[in-house]
Each structure stands twice: as structure tokens, then as C-alpha cells.
Amino acid sequence: MATQGRQLPPNDPISASSVKSTLTAYFVPLLLLAASIFFQLVVVPRNFPPSYYDVLGIPKYSSIEEVTRAYERITSEWNSSVEVPPTVNLIKVQYAYELLTNQILKRDYDIYNIDEHLDVLENVKEHHSGKHLSQIDLPLIQNASFDPIDQDYEFINAGNFLSKFEDDKALLLQMVSSGSNRCAQFSETWKRIVNLLKGVSNIGVVDLSDVQLSVYLAEKKSSGKPFFRSGVPALLAFPPGCKSSKCLHRYEGELSVDAITDWLATNILNLPRIPYYSKESLVHNFLVKSKPHLVKVIFISKSGERATPFIRQAAKNYSPYATFGFALWKEEESTFWWNVFGVESAPAIVFMKDPGVQPVVYQGSTNSSMFIDIMEKNKHHVLPQLRNATSMELGCDVQGYSRAGIDTKIWYCALIAGRPSQELNKMRETMRRVQETLSSNGKIDDIVDQDPLSAPAALAHEQKRLTFAWLDGEAQHRYCFFHIHSEDSYETCGPRRGMTDVARLFVVRYEMNPKNEKLDTPKQTNNIFNALHHTESDPVSTLVAKYNGSTDTSEIIRWISQIIKDGDSREIPPFKTKAPELVPEDSSHIWSKSSKKFISSGKNVKSWSSGLISSLSNQIGDPRIGPSLLLAALMSFGLIWLNRSRSTQSSSQNEANQIKDEDKPSRRSRSRSGANQLFPPSITDSEPKDAQQLPLSDSDSE
């Protein structure tokens, strides 16, 4: 009988699935290992290139004498050598020698890592490669003929630095170095910036020779070494109220007047930009859509530059009185500007006031103080509007005083009230003529000679006890109804109900209560009803006289004069009253809260993102990152290997336990069957085949 051969178990090669699962399990450690290798071989050499001290073969921060000796040693070796070294090496050594023997350039390089002549080195390498050193123009570095002291700069040092924050203004700083050619080129631009920022921001210059202050203002690398990302000049700004380097902003844009001033006004001072309009959009989008109570101010620019910070700051301060826009001057459109606004050339400022009034034009450029004076003269209409923002200034507020001063007891306000309409514009024009007649360049004698009855009004107007203004009866309907209380007041006040619009003239007489005491009785606040119905009275008593005559100028002047004569001569007992407050008007859209929030949020996002990018770029050069990545790779590799080993052991143990559990039932059954064979059958066992059941009898015994 032939015997069957014994079969050997086949060799099981590592399958592709097991390799894939292994790579998947160790993906993170492998990724960390690759990142560590890349960082050490690529990132670290780029962030820590050989220094100029390494080029000369001397320790870092060596003295100028040591640099000179090293240079002489290298050149003597080259001269005595038969082989001529490459030109690139010669240029590197020459450049390192010139930089490190210049005391100012060496200081900037050692402390702040500034090397602004690096482009000169690269240019020489590119265009003079292969030439002998004698064929290259030396020296490679041209010394800058720039001394910040000669530039009439306002220098800031560690001693007076904190004094610049006393007035809570923004602070703009320029970091300069006397050895910098870029600072010399930027000096004229900086002078223009200083002139444009007078009165808007504090300005100063910090020389890098003040190491204590310069290091405080510089950026810091991961190693703690100070540096300026773009070299010098570097521009830094502290926002208003900021007194710490934590809120310091750094300018990283173009070194031009327009770009720097716009950055300061927008990002630091939070001033919205003044928009530019074309000839076509100026009328439809600016003049028509502007609110009627605001004076329209148009800046006509020849250069197209954005508004300077002092104009934007003034525009924000005068936003309750005026709205602002820019327009670009073009020679082919000069006829339009002359016919519509009376502008001969640019630059110019145009003030558009009341309907029918000729524009006020200022030709030529202006500085901050001149512009503020111009705005003060032209912030009101010729006939100003009585509004919440102007009532105190006009002297037509029961909580204020006369324009004549706080000692004036009685004064008057002549008001034209009505809904915006053609009728209101006609009455405003009439009141402007009345105002001009009473002014008459201050010649009261001429007015009295022509019409003696108008003398009280002319005298009161000269004494600033009489003010002319107009009131928007629709926007200020509560104030209007309070003073014009009649059956037909709806024709003047409140929303339009019909086709009739009537503009009315009335005079309000103001009288200061004795010693500015309020005339209301003590409040009885014992119950809720007394608390609701008892209100404080105004410190000024008022009486209203309404005009019902014609629109003739002389008749109106005589009527106002009679009111003033009677009001000054009669003793009118004071009485308690409470006039409604004027409703504040909506601000111009570019100064609204939503616009400010949008600008603020946009600025915060931009500054946050730029700060994040800068911090990442600063930290990416940390040499500790590579070893940290390697350590993380090894630790994660060990943890994964340990977890996989434990899972393999537990799975094999579970299989063994499962085999044992499968064998246990058969063993138990065999043991039970063997044990049953030792005992004889009992009556409870299965019934035999021949078994019969005996019948039972009725008795217990037979």
C-alpha cells in the first residue's frame, strides 16, 4: 500500500491589504517625520542664512578691528594663492567688509538685522559675475548723506515718549537711521505728511540709536531678537487712547503721501472716506439725495488724491451741519464748473446753501486751520434751520441762552415754519431779504433814517438778541403744533393731508426766569397720577406772536420791531410751561452707526488677519519646530505600535477562549453519559416494551 506524501504549509507573503492598513495606521507619524525633515533641510537654512561674520570667518558681533584683520587675512591669502577665487566670493567678502566696518550700518545689522543695501550685492553678482574685482566699481555701499537732525524732525526718545500720550490723540512714528538712503529719499514725503496731519495726530521720529525705545517698538522673533520687517523707514501708529505696544499698528504699504495718510485716517482714526463724484453723478447722487438741512460742501481736486485726514476729521466734526463730496477737475469740463458753480480752476471748495442762493467758492489750496475757519463761516445756511443740533447755537432753545450772552434776560427768534415745498422756499427767500435788510453791514443809522419803525428790530439783530431761522414743520411736528396752535395749523405742521401747504412766520419771545429758577411747584409724588402729570418746567419762559400780514419786507420788519418794542417794555409775569424737544435728524449715511460698525468690523478683520499672518511668519523660523515635530512623530509612532500590539494579543487570546468554549459542551455531555451508566434504571426511566397496566379494584384488599 502506497503511503501518501506529507504536505508542507505554503509560505504566506505580506498581502497588499496589510501594507495599506499599516501605512494608514502610521500616516500621522510619517507626515510629522516628513515635515520635520523638510523644516530642518529647507525652512531653517532660509531663515538662518550665513551671516556676514560667517563670510569673514569670525565670531558674530566681532569688533570693527577684528573685521578689518579678517578681511586683510583673506585678501592676503587670495593674493598669495595661485588659483584665483570665484568673483562671487570676492564680492561677498568685499560687501561684508564694507558693511561691518561702517559703525551705523553695523549697529543696524547687529541689533535689528537691517541690510537695506542687499539689492546692491545682488545686482553686482548678476552683472559682474566672472570679472576681476579691479573691474568692479568700489566701494559697493555708498554712504548716505542724511542726518535726521538737519531735517527739523520732532525727535522722540525714551525720556519724553510717555508725554506724547497725554492728550489722547493718535501718535504716528517714523523709525529712521542716519545711515539709510531710503530714509533720505523719504524725508520730503514725510514733511508733507507732517503738514497734512497737524491738529489731527501727534507725530514724531525715533532714531535707531535710541536702542531702548527702538527695541520696545520693534517686532520680536521667536528667539526674542528685535527686527523691522521692511527695514527703515518704518511707520508705526498708536490709535487714540492706546498707550501700549499691544495695540500698536504697523504700516506695510506704499511709502506715498496718499497711501500713508489714507491708512492713518481709515485704520487708526476710524474716519470714513469722502466719496468722489463725476460731473453726472454729482447732481443726481450728491446734490439731490443730500438732506435739505445740510450744507453741501464740494471739494474740486485736480490731482484725484483722497481727502486728507484733517479734511476727513473736520467733515466728521461738522457732519450735523454739512455733507461732503469730492469731484475731479477736467479741463474739458471747465465750462460746466464755471456755469454751475462759478469755479475757475482747481483746487477749489464750493458751499451750496439755501435754494436760490449763489454758491460760495474758495479758490486755492487750504491747510487745516484755514479750512476750520472756512467751515465756521459757512456751516449754516444763509437762513439757518432750527434743529436739535443748532438750537443752542442759534439761541432758540428754552434750555439755553441768547447769542448775546448768558446775562441777556430777553431775546427773540423769528421763525418760518412749514413743510418742505415751494411755498416754504419762497418764505425763506423773503426772510433772507429781511435778514439782509436788518444787517445792512451794521449801519443802523441808515436803517433808522429810512424807516424809524424798524429801529428796534435792527438794534436787536445787531446785539444778537434777534435770530432768524426756519423750521421743518413735518419733521418737527410736535414743536410746530406747540407754537402754532390754531385750527389751520395742519396746513403747516405734520404730514401733508391735502394739497395746501402754508408757510407761517411767528416770533418767540424768550425771558430768563429770575436767577434761572424753575417755576414749578414741588412735585407731589405720593401716587402714580401725580408723578405722571407733574413735570419740570423750562428755565426760560416763552411767548409766541404769529404774523398774518403780507410778504412785504418792510411790513414784516415793522411787525417784528413792534413785537420787540412791546416785549422789552412790558412786564410780563413768568409762567410755567414745558416746550417739546426738537427731534434729532438722521445723520448723513457715511457717518451713520451702521457705516461705522461696518468700517470698524472690516478694519478689525483686516488687522486681525494681517496680524495672524505676521505672527505665523515670525514663528515659522523658530529652530525648535523641527525637533518638536520629530519628537511628536516618534511619540505618535510608539503609541500606535503599542496600541496595535495590544489589539493583536487580545484578538489571539479571544480566539483561544472561543475554541475552549466550543469544546466544553461535548466534554460535559460525555461526562454525564458515563455517570448515568453506574446507576440502575429507576421507575422514572422509560417504560419497557412488555409492561402492562394492572386494573385497580374497588376494595382495598381482596
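Lysine 464 lies in the loop between helix H18 (455–462) and strand E13 (466–472). In this predicted model, lysine 464 is not a glycine, yet its phi is positive, at about 65°. Its relative accessibility is 44%, so lysine 464 counts as partly exposed, given that the partly exposed class lies between under 20% for buried and over 50% for exposed.

Tyrosine 61 also has a positive phi of about 65° without being a glycine. Its place is in the loop between H3 and helix H4 (64–80). With a relative accessibility of 47%, tyrosine 61 therefore counts as partly exposed.

**Cis peptide bonds**

The peptide bond from valine 232 to proline 233 is cis, with omega near 0°. Proline 233 is placed in the loop between strand E4 (226–227) and strand E5 (234–238). A cis peptide bond also joins alanine 346 and proline 347, where omega is about 5°. The loop that holds proline 347 runs between helix H13 (334–341) and strand E10 (348–352).

**Pocket and cavities**

Rolling a probe the size of a water molecule over the atoms shows where empty space is left. The largest pocket has a volume of about 1100 Å³. Its lining consists of 38 residues, and Asn47, Pro49, Tyr109, Asn113 and Lys221 lie nearest the centre. Two or more lining residues come from each of helix H2 (27–47), helix H3 (52–56), helix H6 (103–112), helix H7 (118–127) and helix H22 (593–619). H7 provides the largest share of this lining, four residues.

The search of the whole structure also finds three cavities of 30 Å³ or more. The largest cavity is lined by Leu99, Leu105, Asp108, Ile114, Asp115, Glu116, His117, Gly179, Ser180 and Val232.

The table sets out the volume and the residue classes of each lining.

| Space | Volume | Nonpolar residues | Polar residues | Charged residues |
|---|---|---|---|---|
| Largest cavity | about 70 Å³ | four nonpolar | three polar | three charged |
| Second largest cavity | about 50 Å³ | three nonpolar | five polar | two charged |

How values were computed. Residues are numbered from 1 along each chain as its sequence is written. This is a predicted model: local features need pLDDT of at least 70, side-chain atom pairs count only at pLDDT 80 or more; totals for chains, interfaces and linings use all residues. Side-chain values use heavy atoms; hydrogens and water are left out. On a 1 Å grid over the protein atoms alone, a cavity is a set of points where a 1.4 Å probe fits but cannot get out, and a pocket is an open set with protein on both sides within 12 Å along at least five of seven lines; lining residues have an atom within 4 Å of a point. Grid points are joined across faces, edges and corners, and a volume is the space filled by probe spheres set on the points. Buried means under 20% relative accessible area, exposed over 50%, partly exposed in between (1.4 Å probe, protein chains only). Ala, Val, Leu, Ile, Met, Phe, Trp, Tyr, Cys and Pro count as nonpolar, Asp, Glu, Lys and Arg as charged, and the others, Gly among them, as polar.
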